[in-house]
Amino acid sequence: MNQFLQQLINGISLGSIYALIALGYTMVYGIIKLINFAHGDIYMLGAYVGFIFATKTGMGLVPTLIVSMVFCAILGVVIEMIAYKPLRNATRITALITAIGVSYFLEASTQKIMGTSPRAFPALLPKGLIKLGKVTITYQQVFILTITILLMIALQFIVTKTKIGRAMRAVSTDTDAARLMGIDVNKTISFTFALGSALAGAAGVLVGIYYSSITPLMGLVPGVKAFIAAVFGGIGIIPGAMIGGILIGIIEALVSGYGSSLYKDAVVYVILIIILVVKPAGLLGKNIREKV
Amino acid sequence: MTVLETKNLTRNFGGLAAVSNVSLKINKGELVGLIGPNGAGKTTLFNLLTGVYEPSEGSIELLVNDSMKSIGGLKPYTITNLGIARTFQNIRLFKELTVLDNIKVGMNKNIKYGAISAILRLPKYYVEENRVHDEALKLLEVVNLLDKKDELAKNLPYGEQRKLEIARALATNPRVLFLDEPAAGMNPNETQELTNLIRQIKNEFDLTVILIEHDMSLVMNVCERIYVLDYGKLIAQGNPESIKNNKKVIEAYLGED
């Protein structure tokens, strides 16, 4: 039982980071139906920006998070403007391949500028343990979970209770109608990229702290995992990405704890396949039947 | 006073002129009907006037701050912001949003707070959101949908979806309102109710209304003036009585003998 609780806590804190990345995938997909494969690399750049800022200035967690989130938000908007906007009316596969290209570009540029070897991320959070019976929780886990939950609450608030959130939801249901109701669609899409990328930037810093090491290719695996999390929960659905991310984190932790960490990815993929066979639109997705 | 004017407006699709050399003049406060057989180019004309399509030739001018401004080829949201709103022939509500949120999306352009005041929840955010909330409720009251405000738009019955589209268009605070077949699929009772609604909002919101409609009883009943399109060209205009007896119009609808 203790073992189970322990793994559950580990899983939730790791999963909440997947969820942060997954939110960016799902929001961008929701609004322009693009799987933004460069999203994992924005997360990686978030970690690097945090790393540079924290080591150069010696400042703490909150300023590092803010700088990294702002940088990634701007980067997301610029990428959208340069790489995706000209392809707005092209086929979806074209945009998808462009996204893969952007991903390679970001990885290679980071390798060129920062070198290929791992960097040690400064410890921005106090090291320490809280013991509850036989279950231990690190301070880091508490902070990571608190920050991700705060960010998710903020996101949920923006999406459901503000004018730009309503515009995002309107554009994602019917772009043309939204345009005719006075919504600036381009601005709304830019904002969506900014929001998703800022969350990825935050995730980058948090992962840097969690594993205390970052590399230019660190975005690959979590990027794919977060994409799976988004599909898992139902792509395009915001709460789906949160649930999907946390579930994948828990599954991974439980498999590593009870079986072998070698199998954790395999189990995640098998469960994904089962879910998609049973509920093709994901956990929270609605299956839309074609009317004949 | 002229509020909307087109001169020689033309739109080609490939070799086909869907709208050809159409010159209209709409006066402030008028209720104008646009009729014509299927495929005559009525919706294309609406799409040109609301910025969905760019004109191939000709001009569109809208009265903005007491002078005529060319709006041909402007982006749809810019045109909406200049005071033109519309509904759609095949209903295009934001289906997954609540009735209330559909209205609020329409009001978006008139909500004045930035992302920062929203995230930090500054007083400005609350003031503006409360104002928008109250105004949205008032609009729902006008179309009699107040008790449905928290339902998803897709769950409304058909007639109420039509009414919600009208309310959403009103939410953009228009001076000119285009209604694309508002009575399509309605029974005679609903059509009567709609007729009253159109008259009511025209007066209450000081609107100029242009409507496409196939239900002749509605058109003849509410419209002060009617334009008739056939094969993309204007073939007649005038008051309902003269249109009813116009030979060209009868030919267009029934064919020549």
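Buried area here is the accessible area (1.4 Å probe) that two parts lose on being put together, summed over both. Everything below comes from a predicted model, in which local features need pLDDT of at least 70, side-chain atom pairs count only at pLDDT 80 or more, and totals for chains, interfaces and linings use all residues. Residues are numbered from 1 along each chain as its sequence is written, chains are lettered from A in the order in which they are written, and side-chain values use heavy atoms, with hydrogens and water left out.

View 1. Put together, chain B and chain A bury about 2400 Å², and 63% of that is on carbon and sulfur atoms. On the chain B side, Tyr77(B), Phe94(B) and Asn108(B) give up the most area to chain A, together 23% of what that side buries. Counting contacts (heavy atoms within 4.5 Å), 32 residues of chain B touch 22 residues of chain A.

**View 2. Polar and charged pairs across the interface.** The interface of chain B and chain A has 10 residue pairs in polar contact, both residues at pLDDT 80 or more. That term covers N or O atoms within 3.5 Å; within protein, one must be able to donate a hydrogen and the other to accept it, and residues adjacent in sequence count only if both atoms are side-chain atoms. There are also 4 salt bridges across this interface, each a side-chain nitrogen of Lys or Arg within 4 Å of a carboxyl oxygen of Asp or Glu. One pairs Asp176(A) with Arg92(B), at 3.7 Å from N to O.

**View 3. H6(A) against H3(B).** Helices here are DSSP runs (H or I, at least four residues), numbered from the N terminus. Helix H6 of chain A (residues 163-173) packs on H3(B) at about 105 degrees, with the axes 9 Å apart; axes are lines fitted to C-alpha atoms over the stretch in contact, and angles run from 0 to 180 degrees between N-to-C directions. H6(A) and H3(B) are therefore roughly perpendicular, a label for angles of 65 to 115 degrees. Arg166(A), Arg169(A) and Ala170(A) of H6(A) make the contact with Asp101(B), Lys104(B) and Val105(B) of H3(B). Arg169(A) and Asp101(B) also form a salt bridge, 3.1 Å from N to O.

**View 4. The two ends of H10(B).** Asn246(B) caps the N-terminal end of helix H10 of chain B (residues 247-254), with a side-chain oxygen 2.8 Å from the backbone nitrogen of Lys248(B). Just after H10(B) comes Gly255(B), with a positive phi of about 85 degrees.

Key: Angles under 35 degrees count as roughly parallel, over 145 as roughly antiparallel, 65 to 115 as roughly perpendicular and the rest as oblique.
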